[in-house]
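Visitor: Could you take me through this structure? I would like to begin with its overall layout.

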Amino acid sequence: MVLSSATASATATAAAAATASGISAEADSGPDRPFEPACDPLSPNRNLTPITTRINARGALEVGGCQLSDLAQRYGTPLYVLDEASVRASCRAYRQALEQFYPGPSLALYASKANSSLAISALVASEGLGLDAVSAGELLTALAGGMPPQRIVLHGNNKSAEELELAVARGVTVVVDNWNDLELLAAIAPAQEDRVRLLVRFTPGIECHTHEYIRTGHLDSKFGFDPDQLEAVLRHLAACPWADLDGLHAHIGSQIFELEPHRDLAGVLADALQLARSLGHACTDLNVGGGLGIRYVAGDDPPSIQDWVRTVAEAVLAACTERGLALPRLLCEPGRSLVATAGVTLYSVGSRKAIPGLRTYLSVDGGMSDNPRPITYQSQYTAVLADQPEAQASETVTVAGKHCESGDVLLKDLALPPAARGDVLAVFATGAYNASMSSNYNRIPRPAAVLVGDGQAELVQRREQPEDLLRYDVLPSRLDSVS
Ligand code: LLP
């Protein structure tokens, strides 16, 4: 990776980032300098690293004013580090762009499947966002983190009766995904004092890949009603006195770099809105889902949050105007683009295996259990040694995890300076779909997580201990030879 040299404009940009994010810009004085000269502080999804990443006077990497190797020493590794300024900057980018480009009311809901914790729920709630939960666990986390229930939606293609009961009891909006939801709700909702607020999700027939997309009448997806079913559902709901149909929802995919599919989605949603209103539903909300991509490696070039919101807002405005529809409240559900580049995972370098003429494996103390994305999706990442981010690379290594699986490789062909046992490796853009998809494969405990900002680090997730992993095991007494 080519590393930055300080430039006056980059320093100014980083100072603006610090100010925009509410973090004191004072730390910008002195000899430290930005890590990424082209850092876009207003759209963190376009950066490889958190917007506060700096190289300090010792030449070591800092995030949120904390030296990464110090964090590794204090909290141990593997360690998830989350930069508060980057999360806040992303939240503000969504909010401000919605206000700027959409003339009606709007709300961005954080898709908490990307990274669900009390701290992140509290952070995004404090920025005025809402939240999308997909299970009782995510819902309880959001509520306990202080997210107001009226700003939460509950998704899921197979919600349990208990999950629906919890949502209804707490006044959370339910996104109806299928007839099963409606049958379960019909048994729960009529007993409630208030009518249940619903969105209906349908498959929009837009299939999206990173560089191309197609529209089809039907989509092979487990989520949402098939478009053919939509009218029947809307008619059914018109006859449910316990239900308020607040709006419609569709989501086309994730890690999307194109804007055109979202432009197209607006038309599909507006047609459905017209139908719903013609059947007597107030339908004041239109939820376009999430999907904006982020930069994992230098070659990735996602649109900015501003461009994405502008495209969506203008398309919804145009589609509604064309059809003579009163403007709905515009909802969107960003996950990855809110938190991914705020996250850095720190690992300690351990063993080395050099296979002459073939490959050098450098193993770290985590792997597929804290980041299953490389083995699951062949996802690529960017990494440097935390204390020598600018040192000349001297070898190409494959960074392997510690799990008993050959495919447990975090980074292939990474150019690094000589790395010794105990050196701290910083892997960037791990704030989304890492902690939330982590496992205990090989009975490896999950890492701790810290939130950094303004030179302070706070523990927001305690490190699991090997003993914790025994907590839910039960040994039948007939097998217990110990006692
Ligand atoms: N809304 C709905 C209904 C969704 O299903 C998703 C993501 C989102 C919003 C948020 O999408 P985002 O803005 O994060 O792209 N585990 C995969 C990603 C799965 C995304 C699932 N749904 C990964 O690690 O890439």
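Visitor: How far apart are the C-alpha centres of domain 1 and domain 2?

Guide: In this predicted model, the two C-alpha centres are separated by 32 Å.

Visitor: Which residues belong to each domain?

Guide: Domain 1 is made of residues 4-77 + 342-468, and domain 2 covers 85-338.

Visitor: How many residues are in contact between the two?

Guide: On the side of domain 1 there are 29 residues in contact, and they meet 30 residues of domain 2.

Visitor: And what area do domain 1 and domain 2 bury between them?

Guide: The buried area is about 2400 Å², with 55% of it on carbon and sulfur atoms.

Visitor: Why give an area at all?

Guide: The accessible area lost when parts come together is often used to state the size of an interface.

Visitor: How many salt bridges cross the interface of domain 1 and domain 2?

Guide: The rule finds one across that interface. As for salt bridges by residue, Arg46 forms one with Asp301, and their closest N and O atoms are 2.9 Å apart.

Visitor: What about residue pairs in polar contact between domain 1 and domain 2?

Guide: The count is 15 residue pairs, with both residues at pLDDT 80 or more. The side of domain 1 that touches domain 2 consists of 16 nonpolar, 11 polar and two charged residues.

Visitor: Let us turn to the ligand. Which residues are the closest to the ligand?

Guide: Ser254, Glu333, Arg373, Tyr377 and Tyr433 are the closest, out of 19 residues that surround the ligand.

Visitor: Which side chain has an N or O atom 2.7 Å from a nitrogen atom of the ligand?

Guide: That is the side chain of Glu333. For Tyr377, a side-chain N or O atom is 2.8 Å from a nitrogen atom of the ligand. Lys113 has a polar side-chain atom 3.4 Å from an oxygen atom of the ligand.

Visitor: How much of the ligand's accessible area does the protein cover?

Guide: On its own the ligand has 580 Å² of accessible area, and the protein covers 86% of that.

Definitions and conventions. Residues are numbered from 1 along each chain as its sequence is written. This is a predicted model: local features need pLDDT of at least 70, side-chain atom pairs count only at pLDDT 80 or more; totals for chains, interfaces and linings use all residues. Side-chain values use heavy atoms; hydrogens and water are left out. Domain bounds come from an automatic or database domain assignment. Contact means heavy atoms within 4.5 Å. Buried area is the accessible area (1.4 Å probe) that two parts lose on being put together, summed over both. A salt bridge is a side-chain nitrogen of Lys or Arg within 4 Å of a carboxyl oxygen of Asp or Glu. A polar contact is a pair of N or O atoms within 3.5 Å; within protein, one must be able to donate a hydrogen and the other to accept it, and residues adjacent in sequence count only if both atoms are side-chain atoms. Ala, Val, Leu, Ile, Met, Phe, Trp, Tyr, Cys and Pro count as nonpolar, Asp, Glu, Lys and Arg as charged, and the others, Gly among them, as polar. A residue is near a molecule or strand if one of its heavy atoms lies within 4 Å of it. Accessible areas come from the Shrake-Rupley method with a 1.4 Å probe; for residues, only the protein chains shown count as cover.
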